[in-house]
Amino acid sequence: MIVIIDDDESVRTATQSLVRSLGFGASCFESAEAFLGSPLLGAADCVISDVQMPGMSGIDLTRHLNARGHATPVILITAFPEDRIRRQADAAGAFGFFAKPFDGHTMIECIDRALSTGGAQAN
């Protein structure tokens with residue numbers, strides 16, 4: 001199960017279509033808080049999350065999951081791929097970091113690596 005978290009519905013829909021085209025199940029959430037309160041918290045094999053969202057950011061979500069022992073790989077996407085944000089994502093333990101719009105093939109490769117490594121960081 002791939003979880004997609006983004007406050008932009010069009011990004012959620014497009015990413016969900018990409019993930020499902022690979023044969024994976026996908027669930028979408030409009031916020032990190034909605035995901036954290038869902039039964040999918042322990043069932044997600046990989047999380048793709050926007051960095052900038054109202055409430056909890058994708059970086060904060062990554063920190064939260066790691067601090068609570070969840071080994072779920074988190075791939076972060078952002079419309080603002082600044083070096084400072086990338087460093088924060090790396091420090092938080094993000095598995096991948098992509099600028100929007102991202103290349104579908106590159107994202108697929110990252111998802112495949114995330115699923116095959118069981119969450120070992122591969123930035």
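1. Let's start with the core. In this predicted model, the largest nonpolar core has 21 residues. Those with the most contacts inside it are Val3, Ile5, Phe35, Val47, Ile59, Leu61 and Leu76. At least two residues of this core come from each of β1 (2-5), α2 (32-36), α3 (58-67), β4 (74-78) and α4 (83-92). Apart from it lies another core, of 18 residues, and Leu18, Val19, Phe95 and Phe98 are among them.

2. Setting aside neighbours within four places in sequence, leucine 76 is in contact with Ser49, Asp50 and Val51, with Gly58, Ile59 and Thr62, and with Ala89, Ala94, Gly96, Phe97 and Phe98. Phe98 in that list is also a member of the other core, the one of 18 residues.

3. On to the overall layout. The protein has 5 helices and 5 strands, and reading along the sequence gives β-α-β-α-β-α-β-α-β-α. Of the contacts with a separation of 6 or more, 62% are between residues 24 or more positions apart.

4. How does the radius of gyration of the protein compare with that of a compact globule? A compact globule of 123 residues would be near 14 Å, and the protein has 13 Å, so the two agree. The C-alpha trace spans about 35 × 30 × 30 Å along its principal axes. Buried residues make up 45% of the 123.

5. A couple of surface and charge numbers. Accessible surface comes to about 5,800 Å², with 52% of it belonging to carbon and sulfur atoms. There are 9 positive and 15 negative side chains, and the centres of the two sets lie 5 Å apart.

6. Ser49 sits in strand β3. Is serine 49 buried or exposed? Its relative accessibility is 0%, so serine 49 counts as buried. Beyond four places in sequence, serine 49 is in contact with Ile5, Gly58, Leu61, Ile75, Leu76 and Ile77.

7. Methionine 53 is in the loop between β3 (46-50) and α3, yet at 10% relative accessibility methionine 53 counts as buried, because the cut-off is under 20%. Leaving out neighbours within four places, methionine 53 is in contact with Ile5, Asp6, Asp7, Glu30, Ala32 and Gly58. For the Ala32 pair, the separation is 21 residues in sequence and 8.3 Å in space, C-alpha to C-alpha. Threonine 72, in the loop between α3 and β4, has 13% relative accessibility and so counts as buried. Its contacts, again beyond four places in sequence, are Ala44, Asp45, Cys46 and Val47.

8. Now the part I'd check by eye. Which residues does a cis peptide bond join? Lysine 100 and proline 101, with omega at about -10 degrees. Lysine 100 lies in the loop between β5 (96-99) and α5 (104-117), and proline 101 is found in the loop between β5 and α5. With 22% relative accessibility, lysine 100 counts as partly exposed. Not counting residues up to four places away, lysine 100 touches Asp6, Val11, Asp50, Ile77, Thr78 and Ala79. For contrast, lysine 100 and alanine 44 are 56 residues apart in sequence and 23 Å apart in space, C-alpha to C-alpha.

9. Phe102 is found in the loop between β5 and α5 too. Phenylalanine 102 touches Thr15, Leu18, Ile77 and Met107, residues up to four places away not counted. Leu18 belongs to the 18-residue core, and Ile77 is also touched by lysine 100. From phenylalanine 102 to alanine 79 is 23 residues in sequence and 9.5 Å in space, C-alpha to C-alpha.

10. Last, the partner of that Phe102 contact. Threonine 15 is found in helix α1 (residues 9-21), and its 1% relative accessibility is why threonine 15 counts as buried. Outside four places in sequence, threonine 15 is in contact with Ile4, Ile48 and Phe102. Threonine 15 and alanine 26 are 11 residues apart along the chain, and their C-alpha atoms are separated by 9.1 Å.

Notes. Residues are numbered from 1 along each chain as its sequence is written. This is a predicted model: local features need pLDDT of at least 70, side-chain atom pairs count only at pLDDT 80 or more; totals for chains, interfaces and linings use all residues. Side-chain values use heavy atoms; hydrogens and water are left out. A nonpolar core is a set of buried Ala, Val, Leu, Ile, Met, Phe, Trp, Tyr and Cys residues joined through side-chain atoms within 4.5 Å. Buried means under 20% relative accessible area, exposed over 50%, partly exposed in between (1.4 Å probe, protein chains only). Helices (H or I, at least four residues) and strands (E, at least two) are DSSP runs, numbered from the N terminus. Contact means heavy atoms within 4.5 Å. The radius of gyration is taken over C-alpha atoms; the globule rule is 2.2 Å times the number of residues to the power 0.38. Accessible areas come from the Shrake-Rupley method with a 1.4 Å probe; for residues, only the protein chains shown count as cover. Lys and Arg count as positive and Asp and Glu as negative; His and the chain ends are not counted. The place of a charge is taken as NZ of Lys, CZ of Arg, CG of Asp or CD of Glu.
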